[in-house]
Amino acid sequence: MSQEPVKRSTVLVGCTVLDGRIVEGVPALPDAAVWVRGDRIAAAGPRERVLAQAREAGEHATVDLDGAYLTPGLVNMHTHLSLSLPGTGGDGVKTMNPHELALYMADGARRTLLAGVTTVRCVAEKDHADFALRRAIRAGRVPGPRVFTAGRALVCTGGHGHESPDTLECDGADGFRRGVRSQVKAGADLIKVMISGGIAGEHEHITTRQLFPDELAAVIETAHAWGRRVTAHAGPAEVIGEAVALGLDCVEHGYELTGEVAALMAERGTALVPTLLVTRCKEFFDELGVPEWMQARSLGAGPRHLESYATALAAGVEVLLGSDMPPFWHFEGTNASVRELEYMSEAGIGPARALYAGTLGPVRWLGAEEELGTVQPGRYADLIAMDADPAAHTSAFRGVRWVMAGGRVVRDDRAGWSVS
Ligand SMILES: [Zn+2]
């Protein structure tokens, strides 16, 4: 006879609860309580009501968050925990053996979680180490965010990122079909494909077209047949327009969108992960010793990139948080995830929509709305607390001081404690 183990029961009090539904008219709830039972949220609402519900179910602990604002953890939709850019910093990662790489990524995963990013979408990781990391996190062997991953990104021979084992070279429609299937076989939750050149490639431009329409169609059809969504590294508007018409689900970067293509994206429901940091992160590049030619290319694309972002917003394209830089990386006084969200907020969407773009929006794209992304019964208790109101100022996320993942507190600054 097996008996269900007794679930930990905790009621969080002393908090104002809010989530991305704020953009849909669900207001913040002051003097709220959240009842966490096991790894899920059992109830959220007015303090007295929730406490009564928890009492009725039996013993529980109470945690006073001391006036904090409580939101779902952030979701970073463009991460590489095994990132290695050209330069000395990247070379250090490139020369790691598989064991070193796995441990390096585990360290990044822990830092990511402690930064308040409770879910990541990995869009190209080396040597399938991401699948090992995902298993280890799920099994509780290492602390880390929930991982949705594309495995290796598909790229044409010699295409964007081909020099690293976080990509897989494919050619022709059959080759790309096989590429999709091989990543699904390895455990991919989604497919990433490079359809144009990028900043980091020495022999290409951001505008270089890299896939033919039949190759692109093969990727999208095959992925969709297996129930996987497709996101594309893409810069030029023309190439993006073709991909969107073929059913692409998400665009990364979108450095040079036009009104016409943005309108098509909005109409088709294709999301944009603008990764604004990529063209404004000199401090990060300097730290990694990224060569001048790449810095110049990257930072030079900044103004057009921002214009492109504004064009997308004006057309009504859904935008989602994604840093490209490692999500936890210390950058401009905070971490890369929060800094990206600040840029997105300041450059157009404002704090309420930024809260949505950093939590519920990504979760909906990932098809995980029943599990994550809001402070509602049934969702995983992946929660963060801060002292300022993130719906008033996105910079409030700089002050995250408490993190819960799957019902366990992993960071509590006031108690001077975090998992390590
Ligand atoms: Zn990237």
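Let's begin with Asn76, which sits in strand S5, the stretch covering residues 74-79. Keep in mind that what you're looking at is a predicted model. Is Asn76 buried or exposed? Its relative accessible area is 0%, so Asn76 counts as buried, given that the cut-off for buried is under 20%. If you leave out residues up to four places away in sequence, Asn76 touches Val117, Thr119, Val120, Arg121, Leu321, Gly322, Ser323, Pro327 and Ser337. Now look for Thr359: along the sequence, 283 residues separate Thr359 from Asn76, yet in space their C-alpha atoms are 8.4 Å apart.

Next, find the zinc ion. Which residues coordinate the zinc ion? They are His78 and His80, each through NE2, and Asp324, through OD, at 2.0 to 2.2 Å. Along the chain, these donors follow the spacing H-x1-H-x243-D. Both histidines are tucked away from the surface by the numbers: His78 has a relative accessibility of 1%, so His78 is buried, and His80, at 7%, is buried too.

Finally, turn to a pair of helices. Helix H3 (residues 98-114) packs with helix H4 (residues 129-138) at about 55 degrees, and their axes lie 10 Å apart. Because of that angle, H3 and H4 are described as oblique to each other. The crossing of H3 past H4 is right-handed. So who does the touching? From H3 come Leu101, Met105, Ala106 and Ala109, while H4 supplies Ala129, Asp130, Leu133 and Ile137. Sorted by class, this contact has seven nonpolar residues, one charged residue and no polar ones.

How values were computed
Residues are numbered from 1 along each chain as its sequence is written. This is a predicted model: local features need pLDDT of at least 70, side-chain atom pairs count only at pLDDT 80 or more; totals for chains, interfaces and linings use all residues. Side-chain values use heavy atoms; hydrogens and water are left out. Donors are N, O and S atoms within 2.8 Å of the metal (3.2 Å for Na, K and Ca); water is not among the atoms, so sites may look incomplete. Buried means under 20% relative accessible area, exposed over 50%, partly exposed in between (1.4 Å probe, protein chains only). Axes are lines fitted to C-alpha atoms, for helices over the stretch in contact, and angles run from 0 to 180 degrees between N-to-C directions. Helices (H or I, at least four residues) and strands (E, at least two) are DSSP runs, numbered from the N terminus. Angles under 35 degrees count as roughly parallel, over 145 as roughly antiparallel, 65 to 115 as roughly perpendicular and the rest as oblique. A crossing is left-handed if the near helix is turned anticlockwise from the far one by less than a right angle, and right-handed if clockwise. Contact means heavy atoms within 4.5 Å. Ala, Val, Leu, Ile, Met, Phe, Trp, Tyr, Cys and Pro count as nonpolar, Asp, Glu, Lys and Arg as charged, and the others, Gly among them, as polar.
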